[in-house]
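Student: Please take a close look at one part of this model, the place where the two chains meet. I am new to this structure.

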2 protein chains.
Amino acid sequence: MNNTLIFGHKSPDTDTICSALVYADLKNALGEEAKPARLGDISSETQFALDYFGVTAPEYIEKVDEDVDNVILVDHNEFQQSVDNINDVRISEVIDHHKVSNFETKEPLYFRAEPVGCTATILNKIFKENEVIVSKENAGLMLSAIISDSLLLKSPTCTAEDREAAYELAEIAGVDLDTYGLEMLKAGADLSDKTALDLVTMDAKEFTMGDSKVQVAQVNAVDTNQIYASQDAIEKEIEKLINDNNLELFLFVATDILENDSDALALGQAKGNVEKAFDVKLDEHNRALLKGVVSRKKQIVTNLSEQF
Amino acid sequence: MNNTLIFGHKSPDTDTICSALVYADLKNALGEEAKPARLGDISSETQFALDYFGVTAPEYIEKVDEDVDNVILVDHNEFQQSVDNINDVRISEVIDHHKVSNFETKEPLYFRAEPVGCTATILNKIFKENEVIVSKENAGLMLSAIISDSLLLKSPTCTAEDREAAYELAEIAGVDLDTYGLEMLKAGADLSDKTALDLVTMDAKEFTMGDSKVQVAQVNAVDTNQIYASQDAIEKEIEKLINDNNLELFLFVATDILENDSDALALGQAKGNVEKAFDVKLDEHNRALLKGVVSRKKQIVTNLSEQF
């Protein structure tokens, strides 16, 4: 039997964790052996979803063991967001909803990316294509992923397909979409026990823009001022990350889940590119309000890439 | 209305041409405007299929015009196999069955690659997913693509899905698979009117292996000796290609469609890698018989890449 491992990106978010769990379950239902894994800590938002639907988090791995035959990447394809020894493994599948970049294989594979708001929306389709019934637990996990990636269907990344899937899955999961969704987002936005290091790393992604390395970290909050109360400590952690990883830019984005705006902090040599990308002026604390910006993928990375 | 162009790789083969035609037709059936195109000359094998089913070849393009909004790549994803100005266009979709390499986009897209023997096999599935009836012409074109890519279902790249699709499509197209298939392959293997330059360029693909540029050209023949009667002229054309394109290796593969073997000619600094890859010795004419080797993708490129 093939030994297959399924995981999402580093700094896992709810879509990454839930998609790994759900897809492994689907594979098992299809008679294929597959195990979910994760490359980082579970966020409090994700933990809320797991607890709510009574599902155990996937096992943490630092690297892929030698006895693994295949890996399946969900919710990412760029190697710098993946496991450290990604170059040494055989990638048999990718299920993703991001742009394709810094990805390559030696052999043909099953690669499925669709321009929707969430990996789980694609998984929901794959259940149907394979005529496998979606359990209450899997529906709950996929719903949580869609709510998380779309900020309760409010992000510009959210497509009609995501919306349709969300309502369908809420019914199977037996929850009211808005009530459950806001509860879950608030659980994720409870940052009271987070250190400055937690805040800048809990959902950080690295991108290659032009020849530059850039990290964009995003946290959801009910009150962004509360986050910036510890701006000095946050800046210290970011400066360290910039030095350790040779980053040209670190953009820290605190997204207000009630107002659907983002309060961003930009540090690094290329911080001027943030001003150009969003037509804003950074204030004396290197911060700027990005009006209506909630999506890292569609509103931040796309605009920022063009400046490099 | 969006202006979308659909095309396959340079040095187009039957899968590339037929997939562009068929997918454009499917898009139109779904109410989306899309036009097929081609990046090179139609082979005599492909022409046989087009004539048989009464379909006109797609228009030749040298580059994508500025008024094109989106391009859809079929049967390839590597940029060096695509249109010259691929970096300046918006790729909205990829439908392919090759490894993923040297491909990247700025935005999320619909990327669908499956490890099957032929792009048309995937297209046949997409017809079903969209509940669009396959016409006799489209069935004939998809069948021709599968026969071509699988050498009449004999190549190791041919999967159960390809086989199933082929039999299903033969029925819709109203032809006997074996009779039609051999006729089509023989039409393609009629090389009597080909110049040496035709032979080395009619189905040549460029690959980046390690840091080296490698081209692998393949021709199907009923009698490979007939091809090598003009080996001197062929070598001259290859030497010119090596110089003009800074190739480390040019591997010319003459595949016997009746015996299912290949008689290969290797030129360039890295020709020793061919000996290592296939555990053969090149003779004094730089040639070697590759027993049972018929698939460039699965048997040649994979093995050869490992040596660079």
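Tutor: Across the interface of chain B and chain A, six residue pairs are in polar contact, both residues at pLDDT 80 or more; a polar contact is a pair of N or O atoms within 3.5 Å, where within protein one must be able to donate a hydrogen and the other to accept it, and residues adjacent in sequence count only if both atoms are side-chain atoms. This is a predicted model, in which local features need pLDDT of at least 70 and side-chain atom pairs count only at pLDDT 80 or more, while totals for chains, interfaces and linings use all residues. Residues are numbered from 1 along each chain as its sequence is written, chains are lettered from A in the order in which they are written, and side-chain values use heavy atoms, with hydrogens and water left out.

On the side of chain B that touches chain A, two elements give two or more residues: β6 (110-113) and α11 (296-305) of chain B (strands, E, of at least two residues and helices, H or I, of at least four are DSSP runs, numbered from the N terminus). Of these, β6(B) gives the most, with four residues. Strand β6 of chain A, residues 110-113, runs antiparallel to β6(B), and three bridges join them; strands pair if DSSP finds at least two bridges between them. Within this pairing, A:Phe111 stands opposite B:Ala113.

In total, the contact (heavy atoms within 4.5 Å) takes 21 residues from chain B and 21 residues from chain A. Zero salt bridges are found across this interface, a salt bridge being a side-chain nitrogen of Lys or Arg within 4 Å of a carboxyl oxygen of Asp or Glu.
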